[in-house]
Amino acid sequence: MRLRNKPWAVKLVQDHPESVIDRPDPSQKINWSKRFADISKPLEIEVGPGKGKFITTMAEEHPEKNFVALELQMTAAGMILRTKLAKDLSNLQILCADAANIASFFDSHSASKIYLNFSDPWPKTRHEKRRLTYKSFLQKYQTVLQENGQIEFKTDNAGLFAYSVHSMNNFGMHFDFVSVDLHNEKDEIVAANIETEYEHKFAAQGNPIYALHADFGVK
Ligand SMILES: C[S@@+](CC[C@H](N)C(=O)[O-])C[C@H]1O[C@@H](n2cnc3c(N)ncnc32)[C@H](O)[C@@H]1O
């Protein structure tokens with residue numbers, strides 16, 4: 001998804017370096033302890049949050065955790081920042097960067113969860129390496145996640161879901177939860193689910209939502 005360029009978003013990002021790390025040099029680790037008031041809180045990362053409904057809701061509902069929105073597009077980063085400022089979410093930081101460099105930005109084994117929500121499907125075989133569940137990405141997530149850390153993945157795209165199950169299984173990951181119709185699971189699972197912008201749109205069109213939780217097991 002490519003968002004139309006919004007000049008206000010660029011300006012907002014530039015005006016708030018305390019909240020957004022804008023295209024950092026991947027050769028330098030980020031000092032997260034300077035960015036979060038309490039670094040001892042569990043850290044959760046969403047890769048590709050888009051406009052940020054999911055990650056800002058999570059940050060609002062879970063002040064006991066720290067969150068990082070890792071988003072490639074500056075316009076999307078600006079939209080997330082606007083919500084962060086409006087809701088005064090001090091436990092949310094925005095990292096405007098490519099997830100291909102995720103292992104450079106975080107200490108090894110520092111995160112407890114990585115969320116992949118409605119990632120771009122890249123259906124052409126020649127673009128397989130760009131899929132966020134391709135093995136080179138899984139390798140980087142493994143480095144960033146703690147031993148018992150989890151990946152939570154949701155999509156409406158059956159092809160990307162099948163591909164991701166295959167890719168994670170080949171990588172030796174363990175599946176803790178799999179659903180091919182998340183919105184029609186048991187009441188407590190449905191109630192705990194926080195929708196993303198894409199999820200809301202696709203579910204409203206009657207599409208099933210696929211979901212899984214997976215971990216890398218003991219290293
Ligand atoms: C299809 S949108 C989904 C947005 C949101 N997660 C949702 O469910 O509504 C995918 C998002 O992932 C971002 N993205 C794609 N590749 C990325 C990468 N390599 N690193 C960081 N963000 C990425 C895109 O810029 C876009 O905002």
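Helices (H or I, at least four residues) and strands (E, at least two) are DSSP runs, numbered from the N terminus. This is a predicted model: local features need pLDDT of at least 70, side-chain atom pairs count only at pLDDT 80 or more, and totals for chains, interfaces and linings use all residues. Residue numbers start from 1 along each chain as its sequence is written.

**View 1. The shell around the ligand.** The ligand is surrounded by 21 residues; a residue is near a molecule if its C-beta atom, placed from the backbone, lies within 6 Å of it. G48, G50, A99, F118 and T196 are the closest. Helix α8 contributes the most, three residues. Both β3 (66-71) and α8 (197-204) supply at least two. By class, ten residues of the shell are nonpolar, six polar and five charged. Here Ala, Val, Leu, Ile, Met, Phe, Trp, Tyr, Cys and Pro count as nonpolar, Asp, Glu, Lys and Arg as charged, and the others, Gly among them, as polar.

**View 2. Strand β3, covered on both faces.** Six of the six residues of β3 are buried. A residue is buried if 20 or more other C-beta atoms lie within 10 Å of its own, exposed if 12 or fewer, and partly exposed in between, with C-beta atoms placed from the backbone. N66, V68 and L70 lie on one side, F67, A69 and E71 on the other.

**View 3. β3 and its partner strands.** Strand β2 (residues 43-47) runs parallel to β3, paired over five bridges; strands pair if DSSP finds at least two bridges between them. V47 stands opposite L70 of β3. From β2 the chain passes through helix α2 (residues 53-61) to β3 in a right-handed β-α-β crossover. Right-handed means that, with the strands pointing away from the viewer, the path from the first strand over the helix to the second runs clockwise. β3 also pairs in the parallel sense with β4 (residues 92-96), over five bridges. A69 has I94 of β4 as its bridge partner. Helix α3 (residues 74-87) carries the chain from β3 to β4, and this β-α-β crossover is right-handed.

View 4. An unreviewed UniProt entry lists K124, D156, T196, E197, Y198 and E199. They span 76 residues in sequence, with the farthest two C-alpha atoms 24.7 Å apart, so they do not all gather at one spot. Such annotations may be inferred rather than shown by experiment; positions follow the numbering used here, and feature names are shortened.

**View 5. D156 in its loop.** D156 sits between β6 (145-155) and α6 (158-170). With 19 other C-beta atoms within 10 Å, D156 is partly exposed.
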